[in-house]
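Dear colleague,

I am handing over the structure below, and my notes on it follow directly after. Please read them with the coordinates open.

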Amino acid sequence: MQTLSDTATPNVIRREDYAPPAFLIDTVDLEFDLVPERTIVKSTLAVRRNPAAKHAAHLELMGEQLEFIGASIDGKPYEHVRTHEHGLTVENVPESFTLTLTGACDPAANTTLSGLYVSGGNFFTQCEAEGFRRITWFLDRPDVMATYTVTLRADKTAYPVLLSNGNLIAEGDLPDGRHYAKWEDPFRKPSYLFALVAGKLVALEERIQSGSGKEKLLQVWVEPHDLDKTQHAMDSLINSIRWDESRFGLELDLDRFMIVAVSDFNMGAMENKGLNIFNTKYVLANPETATDVDFANIEAVVGHEYFHNWTGNRVTCRDWFQLSLKEGLTVFRDQEFSAAMSGGDENEAARATKRIEDVRVLRQMQFAEDAGPMAHPVRPESYVEINNFYTMTVYEKGSEVVRMYQTLFGRDGFRKGMDLYFQRHDGQAVTCDDFRRAMADANGRDLAQFERWYSQAGTPRVTVATRYDEAAKRYTVTLTQGYANGSPAARETQKGPLHIPFAIGLIGANGQDLPLKLDGESAASGTTRVLEFTEAQQTFTFVDVNEKPLPSLLRNFSAPVIVEYDYAADELAFLLAHDSDPFNRWEAGQRLATRELLTLATRASQGQPLEVSQALVEAFRRVLTDASLSPSFRELALMLPSETYLAEQMAESDPAAVHAARQFVRKQLANALKAEWLAAYAQNVTPGAYEPTPEAAGHRGLKNLALSYLAELDDPADALRLASAQYDAANNMTDRAAALSALLNASAASGGDAAKRALEDFYARFENEPLVIDKWFSLQATQRGTAQRPVIDAVRALMRHPAFNLKNPNRARSLIFSFCAANPAQFHAADGSGYAFWAEQVIALDAINPQVAARLARNLELWRRFTPKLRDAMRAALEQVAKQAKSRDVREIVEKALA
Ligand code: B3K
Ligand code: ZN
């Protein structure tokens, strides 16, 4: 049985040990008497032996933190039940039987936010991955699928709304001011998709007709004072339903679909069947409280959870090693959805901004994960605590792996594979291999080698060499694949070359794409070619190439790899100006800037004087003033790579040097292009009422980027004036928060106090909007520090602010995580003060909420890659946490980091 405990040597769960469950459960009938301090749960299960498994005399059910009250089999009290640390054993059971178990739990005391808990006086559940066992004893594993009937009973005044999965089939009053509701979910599901909500909530409702003409009730449930912030989530839900119908032919299968917002939540949201539960951060938005980024995130997360209804719920995972089966696929679907919302399904330039944003995240976060002690394949081989494996690799790299099928087979071929996947597996719990097989069979292709994308960890590196034979008009491209220097954990899994779709274009001297004809082809076709790169080294020869081209490599980031090619600086500038592939245009600018920033960081670390090349300034000037480029593209192209990403590119990460170099370049770009920034600022104001459209958001983004550069000017007077005026006049949170951030940075540089008034005003204005107060904390945690005013002082002071609350994950993230993860120069202070703070907070959180603590614990995992002095201080902090942490969650992280 797969049980774990908080022991000194935690159990390791291995993929190779998978065995089908000895018993199956066909139906589940749950009755809840909801009381915060003692909720009684009666569970009636139809159990039978699994014909496909080894015979077992006893039924082993998982359970945690439960009080046992009683058991019966087929209606008769049953004595042969043993409770223990991991759950409960029902001894000597018959072939098939009805088992009734009664138990109690304490939702009010549940600060882990896993299982049944109370938030803001209301009841909520979170069961993925293994929270259901904290509600009642069960075969809490995803390959046990059952239909559920749920009865909720509670005090009617305190809990007027009672929700669970599926359809409401009965409701009514009970004696003593109580009432009940009975829900039935017609679809079989694993226990991790169970949910209930009870409390004082109100809903925005809409009725729509689905593709086949059936009426559907859509609801967004929130606390009464938040009803004015629900329309965008509702619109996003309707757009998601429409998009899944048109792109994949997938229809909403329930009569009713509910989204509920809760302010205490460990992650973004949860796809419980028909009853999605969301962090308020991904539901609530109106122009005054939410930024353009918030609006876009809400659309993406609402889409993501809705898309799980098919990819995750109708077809689920056999075991948790297959997590990427649903997560990688569903991230891919939400990325495609967001791209479609921002540019239609066809507008490649508009879609590219979404692609760029996604790749930025992948490179900064997933590539880093691959380089450290938590490196694992998209389908991991082992884990100690499954909640630690909801990672960038499983989600974001997993999405890239799914995207590669579409790159190989085209949108139509991908659709055929999806259709076959549902045809074969609807209602089943399956594996990543099943998905790959469906893609292979639907497209008549052998994808055996492609399996390595699921089993090998680490970031692949493709080295490119090119040669132009002028006499023969032949251009050869030689690709060599291997892995970037990764962790030992990653290297262990690397067995052979990957099947890499490598998209390439060739650009002529006039900036136009050349027609492409590979050796052996009868005619040229297209200007971008997806090369199937499957060997350790492979040469591709283009013929009839009339001039020496410039290669545009890995267009649209066709595979999650690092490309090494020795571009000259002027070639990168040329690509930035001309590449027809918008992703690679952006990429060229990033390469140019990264190269220069890394040189400057090295100089800074050696105390040498810094200087910015004229070439970089001119390249930026051209992008900034090129009106043919969309504002959102210009914003992305003019954003320098992050300090975190840059530090990871150094032989030894030196956050202080990176910060000095990056700030220096920002300042030089600000001063040299002052007139252009001011013009961009003026040209991109969006007068009139706020609209969260991609176009308007693009203008605001570029305008606010200009403002942030202007805040770097040697003389910040202009920026302070603009920012103050913008702050006061703003009719939306995007502009107000950007102005506040510019004020904070400009006053840090000038030593002035301009930000103080705005910070006070901001707090007073939004005191009753927790999500905005999160921004207030986060802006201060990520502000620039100086030797006189280190940010750690401000952070420690804010920890004592009455509005700070360590138990609320959003609040903890807004202050602690923002400082530790998003302010690298201050967090990695040479005196080790950041690390000491980190250790204190991981330990404090560990006692409250292990999942959140473990996330924070990951912040030091790359410690071995830093300069010696920082490395030593980080190790000391890790050792302190290793000594004191109690949860399996945190222990797995710090023990792997120190191993
Ligand atoms: N499936 C959930 C994540 C559950 C995390 C459990 N620690 C949200 C999502 O990916 O849609
Ligand atoms: Zn998901």
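His308 is buried, and Glu327 is buried as well, where buried means under 20% relative accessible area, exposed over 50% and partly exposed in between, with a 1.4 Å probe and protein chains only. This is a predicted model, in which local features need pLDDT of at least 70 and side-chain atom pairs count only at pLDDT 80 or more, while totals for chains, interfaces and linings use all residues. Residues are numbered from 1 along each chain as its sequence is written, chains are lettered from A and ligands numbered from 1 in the order in which they are written, and side-chain values use heavy atoms, with hydrogens and water left out.

Both residues belong to the metal site: the zinc ion (ligand 2) is coordinated by His304 (NE2), His308 (NE2) and Glu327 (OE) at 1.9 to 2.1 Å. Donors are N, O and S atoms within 2.8 Å of the metal (3.2 Å for Na, K and Ca), and because water is not among the atoms, sites may look incomplete. The donor residues follow the spacing H-x3-H-x18-E in sequence. Since His308 lies in helix α2 (residues 292–308) and Glu327 in helix α3 (residues 323–343), the pair ties together parts that are 19 residues apart in sequence; helices (H or I, at least four residues) and strands (E, at least two) are DSSP runs, numbered from the N terminus.

As for cysteines, the count is 0 disulfides, a disulfide being a pair of cysteine sulfur atoms within 2.5 Å. Cys127 is in none, the nearest cysteine sulfur, that of Cys105, being 11 Å away, and Cys127 counts as buried at 0% relative accessibility.

With regards
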